[in-house]
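Open the model in your viewer and keep the sequence panel beside it. We will go from the whole chain to single residues, one selection at a time.

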Amino acid sequence: MSRPLGLGPLRTTTLPEQQAVVVRQPAALGVGVFLLLVSVAFAAAVLADPGQTVNSGSGFLDRWFFGVLVVPMLWGTDRFLLRPRVRVDDTGVAFHNPLQTIHTPWPGVAGAAFDRHLTLALADHDQVRSILFGPALSGPMTREHRVKELVALINTESARRAGGQWDPDELYAAEPLIGTQTDRPAPAGPGSVTSPAYGIAAAIGYAAVWTVACVLAAS
């Protein structure tokens, strides 16, 4: 199943063997690429003619001063538009949000649902949410069939691994969210694991590239 960059329909409600399913927002990626091009054009203009920004008499400092704008622009575009994605694989479900990664192993997944947020219900009665399908990127940026396909995939896999079968005509996906009880086999396991993902390495990388570019442009 070929889905470059996590785009396109899922075309499946079961997890392909030894493969991961990654889902991204096409609109978010499009806006991110556009902002990257704007940032690059702005950086190129500054490197070519920075003007007397700090009256230092140094061509390097006159250019590097704009790193206050260039580096955060690149970092923000990377974190909030290019990074967000959902990954479903044999180990569980991972929400890659801008500043954190939330990974939930399959034994801890009780189900998924979408109502303004893509929400994962956990076996320990907690919930985690993905920014990918949430208010920040919802509305015209969300194609309803994409999130429905993703919800169906997560619910089908969760039920299968718990020894049951998900019926899309029932309220199985919503039941864990409201805490109702059924005689259906229920998953039982650890909750999610949240790890920070502040993109510090990326920010340092952008700053280093900008510094080198300023040195070369000033020489």
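Start with everything selected. Of the 219 residues of the protein, 42% count as buried. Buried means under 20% relative accessible area, exposed means over 50%, and partly exposed lies in between, using a 1.4 Å probe and protein chains only. This is a predicted model, so local features need pLDDT of at least 70 and side-chain atom pairs count only at pLDDT 80 or more, while totals for chains, interfaces and linings use all residues. Residues are numbered from 1 along each chain as its sequence is written, and side-chain values use heavy atoms, with hydrogens and water left out.

**The whole chain**

Switch to cartoon view. The protein has 6 helices and 8 strands. Helices (H or I, at least four residues) and strands (E, at least two) are DSSP runs, numbered from the N terminus. Follow the chain from the N terminus and the order reads β-α-α-α-β-β-β-β-β-β-α-α-β-α.

Now show the surface. The accessible surface comes to about 11,400 Å². Carbon and sulfur atoms hold 62% of that surface. These areas come from the Shrake-Rupley method with a 1.4 Å probe; for residues, only the protein chains shown count as cover.

Contact means heavy atoms within 4.5 Å. Among contacts in the protein with a separation of 6 or more, 59% join residues 24 or more positions apart.

**Helix H1**

Select residues 26–48. This is helix H1, with 23 residues. From first C-alpha to last, H1 reaches 33 Å, close to the 33 Å expected at 1.5 Å a residue. The expected span is 1.5 Å times one less than the number of residues.

Which residues of H1 are buried? Colour Ala28, Leu29, Gly32, Ser39, Ala43 and Val46. Their cover includes helix H2 (59–64), helix H3 (67–82) and helix H6 (200–218).

**Where H1 meets H6**

H1 and H6 pack at an angle of about 35°, and their axes are 9 Å apart. Axes are lines fitted to C-alpha atoms, for helices over the stretch in contact, and angles run from 0 to 180 degrees between N-to-C directions. The crossing is right-handed: the near helix is turned clockwise from the far one by less than a right angle.

Show side chains here. Ala43, Val46 and Leu47 in H1 meet Trp210, Ala213, Cys214 and Ala217 in H6. The residues of this contact divide into 7 nonpolar, no polar and no charged. Ala, Val, Leu, Ile, Met, Phe, Trp, Tyr, Cys and Pro count as nonpolar, Asp, Glu, Lys and Arg as charged, and the others, Gly among them, as polar.

**Helix H3**

Select residues 67–82. Buried residues in H3 include Gly67, Val70, Asp78 and Arg79. The buried residues of H3 pack against H1, H2 and H6.

Select asparagine 97, in the loop between strand S3 (92–96) and strand S4 (100–105). Is asparagine 97 buried or exposed? Asparagine 97 counts as buried because its relative accessibility is 7%. Leaving out residues up to four places away in sequence, asparagine 97 touches Arg83, Ile102, Arg129, Ser130 and Ile131.

Next, pick histidine 125, between strand S6 (117–122) and strand S7 (127–130). Phi of histidine 125 is near 70°, a positive value in a residue other than glycine. Histidine 125 is exposed, with a relative accessible area of 62%.

Finish at aspartate 167, in the loop between helix H4 (144–161) and helix H5 (175–178). Aspartate 167 is partly exposed, at 29% relative accessibility.
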